[in-house]
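Take a walk through this model.

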Amino acid sequence: MYPAHMEESIRKVEATRGRRLQETLRRLSSDEKEPLLREHHPDFIAGKMRQLAVGPNKGEYTPSELADLLEGNSRIDPDKIDLGRVDHDLDVLVIGGGGAGATAAVLAKQSGATVLLATKLRLGDANTVGAQAGTQAADRPNDSPLMHYLDTMGGGHFDNIPELVEALVKDAPEVIRWLETLGVNWDKNPDGSMHELSGGGASRLRLHSARDYTGLEEMRVLRDEVRNQGIRHLEFSPAVELLLDGRGHAAGAVLVNLETNELTVVRAKAVVMATGGAGRLHIQGFPTTNHYGATADGLVLAYRAGAQIIFLDTMQYHPTGAVYPMQILGQLVTEKVRTLGAQLVNAEGGQFIMSLEPRDVVAAAIIRECQGRGKGIATPAGQVGVWLDSPMIDMIRGEGSIARELPAMVRQFGRFGIDIVKEPMLVYPTLHYQNGGIRISADGSTSVAGLYAAGECGGGVHGRNRLIGNSTLDIFVFGRRAGKAAAEWSRKAAPGALSLDHVRRWQKGLEQAGLAGSRPVSPLLLPDYARPMADFLPDSARRSLPVQRVKLT
Amino acid sequence: MVDVYVMGRHYRVPQGLTILTALEYCGYRVVRGCGCRAGFCGACATVYNFRNDAQLRYDLACQKTVEQDMYLVQIPFFPALKAIYDVDRLEPSGEQVLALYPDIVKCYGCNTCTKSCPQELETMWFMSDALRGDIRQVAVKSFDCVMCGLCAARCPQGLVPYNVALLCRRLYGHYLAPVSQHLEDRIAEIRAGKFDAEMDKLKKMGRGDLRRLYDQREIEPA
């Protein structure tokens with residue numbers, strides 16, 4: 001049920017629907033995309049980025065919200081932690097329990113390593129479960145890994161690291177089969193062929209889905225497999241600092257129990273960082289599709305330990321976040337809606353961008369339509385958005401298509417009295433993905449020996465803009481590679497004594513740069529959504545959080 | 001404003017909040033009982049009733065809007081049984097499901113599981129499909145399960161429908177789903193190195209040439 005003024009606009013959308021069913025907008029050339037992005041994409045807004053003042057990427061730009069945390073103070077005082085008391089001693093520590101972490105843990109275990117998986121929330125509470133549309137793999141006869149490569153490079157503005165893209169596209173079909181062998185249920189035709197769809201920036205139909213619960217299906221199975229394999233996992237136990245040895249090799253981590261503040265020292269011969277993204281930093285005030293714990297923790301820890309990061313000046317704003325009702329503001333409206341044929345339409349019922357352009361281009365076009373041209377639709381709460389004309393799908397693909405292909409979307413809007421079979425959805429870009437991350441090589445290794453990274457916290461494979469279906473591919477391709485490589489490394493590694501000297505040096509560096517007093521403690525661990533209550537402390541006292549002890553903010 | 005009761009204590013919160021954001025509005029910092037905040041992860045299983053209506057209701061805290069006189073509480077953890085198995089060494093049969101979850105015969109059809117499902121799945125019906133060994137039907141009917149565990153928390157017989165369904169879906173995917181020949185063919189081609197020479201060319205190609213190739217590529221209609 002929409003308010004009256006929105007219903008009025010919907011009448012205009014309905015009036016143009018017949019004509020639009022015949023109307024295909026042409027795709028923009030690279031030369032046309034560039035000015036659109038420069039003028040309207042959030043990455044290009046001057047003053048929203050800041051140069052990092054310390055660390056391995058000193059001098060490079062990143063959003064201020066992330067810069068604060070990358071330049072942050074440690075949560076622990078190295079002098080107060082007894083590293084002689086080791087709680088867990090094993091071959092491979094995996095930090096993060098989403099798709100990449102669970103995959104790395106399974107592969108490391110299968111490669112013969114002893115494994116501990118530590119995660120901030122529950123095993124499986126990660127962005128993976130929210131991925132709806134599908135997973136790319138070039139396995140149809142008219143497709144090839146070469147086309148997948150070209151699409152991925154083009155989507156990333158040709159900045160992607162070629163070796164990583166090669167690994168991504170060549171492992172993809174194998175990953176699809178591996179997941180099926182584990183028990184993932186792909187959407188298939190009766191003859192066994194995969195039911196595949198197109199996606200923004202993809203030149204072939206290569207999106208493998210499981211209704212619109214693709215990531216949930218993948219995660220349910222992986223989580224079950226971690227349990228079946230008896231892999232030890234600690235929930236509600238995020239890492240607050242990496243441990244290195246005297247040579248600067250990764251040697252474990254310090255974990256904290258989120259509920260009791262108890263610290264745990266883990267010694268490991270190799271560490272896989274799989275902590276996901278940063279949506280909960282609400283960069284530039286955007287709402288986000290990300291899960292509660294997406295706070296860039298892994299980037300912060302790896303950066304402090306000396307790892308190079310890459311492409312952190314670019315974030316992905318998913319073009320279609322929900323705008324109405326406010327209960328689901330910023331939540332994902334899957335790109336599969338556009339893949340199935342729904343167009344983006346302004347207040348007057350007109351198309352303004354070809355709906356299956358890469359995400360950054362579509363997001364910029366929506367922002368231009370709303371902010372630049374004033375052709376958006378305002379909600380009673382003051383948000384603005386454009387229509388995503390879902391009823392077209394059943395007109396193109398036959399009645400029942402929406403219910404069959406998009407049950408999660410039907411359910412999500414249905415809860416608030418909106419039937420997306422009959423009425424369009426109001427959408428606006430929402431913070432979705434960290435395009436860059438800890439720079440990795442094709443085996444998941446980073447610039448710190450013994451430290452591996454996989455999934456959203458890794459960087460390089462997607463260049464400056466990730467395509468649909470390439471992240472749920474990335475987590476398995478690089479989760480498998482990192483898990484295997486970490487297990488192999490652990491066979492040869494002979495780490496020296498555990499040390500937090502890098503944290504001491506980091507704090508000294510912050511003080512020398514004059515930043516220690518003005519930066520928050522990090523990693524953030526969780527965003528603070530609790531409404532501030534009247535506090536007996538003056539503001540100044542609350543801001544200068546004690547860095548000498550664990551302080552869960 | 002709406003009157004709600006968080007674990008018995010009275011608060012007034014603005015209209016239009018979800019149960020989760022209402023808890024946060026009341027100053028509660030949620031650690032357990034919150035995951036994706038979008039209706040997919042099942043972390044925020046919640047029960048509620050009303051001041052003058054004791055009947056328990058069930059939902060996901062991130063998806064349910066608060067209403068006047070709601071009594072709210074989160075279920076941070078429920079100790080549900082999960083069978084441990086090697087998916088490579090199973091039979092896709094009803095006997096197998098029964099061997100791993102023998103208690104499913106104890107279902108007496110009260111339908112509480114169905115009524116407690118925030119996804120509105122036909123939980124009791126897929127449990128009876130499981131009993132009959134119809135693995136495919138369990139997979140189809142349970143597919144939208146977010147594994148919040150409310151069915152297990154409420155089952156008077158201590159059954160775990162969401163884990164039984166997960167087993168059946170894994171059996172279906174591993175053993176019963178028809179084979180995708182084109183996928184097998186492509187994997188074999190990649191292993192045989194069919195694309196390696198062309199891939200090397202693409203990897204070495206300059207940005208300008210790559211961009212030209214990209215702009216000129218033919219796009220299959222969606």
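This is a predicted model: local features need pLDDT of at least 70, side-chain atom pairs count only at pLDDT 80 or more; totals for chains, interfaces and linings use all residues.

How many bridges join E13(A) to strand E17 (residues 425-434) of chain A, and do they run parallel or antiparallel? Six bridges join them, and the two strands run antiparallel. Strands here are DSSP runs (E, at least two residues), helices are runs of H or I of at least four residues, and both are numbered from the N terminus. Two strands pair if DSSP finds at least two bridges between them.

Residues are numbered from 1 along each chain as its sequence is written, while chains are lettered from A and ligands numbered from 1 in the order in which they are written.

Back to the strand pair. Gln316(A) stands opposite Tyr433(A) in E17(A). Strand E13 (residues 315-322) of chain A has eight of its eight residues buried, so it is largely enclosed by the rest of the structure. Buried means that 20 or more other C-beta atoms lie within 10 Å of the residue's own; exposed means 12 or fewer, and partly exposed is in between, with C-beta atoms placed from the backbone.

Now look at another sheet in chain A. Three strands form an open sheet in the order E12-E18-E20, with mixed pairing. Strand E12 (309-310) and strand E20 (458-459) of chain A stand at the edges, each with a single partner strand, so one side of each is left without a neighbour in the sheet. Strand E18 (residues 437-439) of chain A pairs with E20(A) in the parallel sense, over two bridges. Ile438(A) stands opposite Gly458(A) in E20(A).

Step back to chain A as a whole. Chain A has 16 helices and 20 strands. Its C-alpha atoms fill a box of roughly 70 × 60 × 45 Å, taken along the principal axes. With 553 residues, a compact globule would have a radius of gyration near 24 Å, and the 23 Å of chain A agrees. That radius is taken over C-alpha atoms, and the globule rule is 2.2 Å times the number of residues to the power 0.38. Of the 553 residues of chain A, 60% count as buried. Among contacts in chain A between residues at least 6 apart in sequence, 75% join residues at least 24 apart. Two residues are in contact if their C-beta atoms, placed from the backbone, lie within 7 Å.

What sits inside? In soluble globular proteins, nonpolar side chains tend to be buried together. The largest nonpolar core has 216 residues, and Val271(A) and Val272(A) have the most contacts inside it. Such a core is a set of buried Ala, Val, Leu, Ile, Met, Phe, Trp, Tyr and Cys residues joined through C-beta atoms within 7 Å. Not counting residues up to four places away in sequence, the residues that Val271(A) touches include Leu93(A), Ile95(A), Leu242(A) and Tyr452(A). A second, separate core has six residues, among them Ala133(A) and Leu467(A).

Chain B comes next. Chain B has 10 helices and five strands. The radius of gyration of chain B is 24 Å, well over the 17 Å that the globule rule gives for 222 residues, so chain B is more spread out than a compact globule. Of the 222 residues of chain B, 38% count as buried.

The domain assignment, automatic or from a database, gives chain B domain 1 (2-74) and domain 2 (78-209). Their C-alpha centres lie 30 Å apart. Seven residues of domain 1 of chain B are in contact with seven residues of domain 2 of chain B.

Strand E1 (residues 2-6) of chain B is joined to strand E2 (residues 9-13) of chain B by five bridges, and the two run antiparallel. The bridge partner of Tyr5(B) in E2(B) is His10(B). Two residues lie between the strands of this hairpin, where Met7(B) takes a positive phi near 45°. Three bridges join E1(B) to strand E5 (residues 70-74) of chain B, and these run parallel.

Finally, see where the chains meet. The contact takes 63 residues from chain B and 71 residues from chain A. On the side of chain B that touches chain A, the largest share, seven residues, comes from H7(B).
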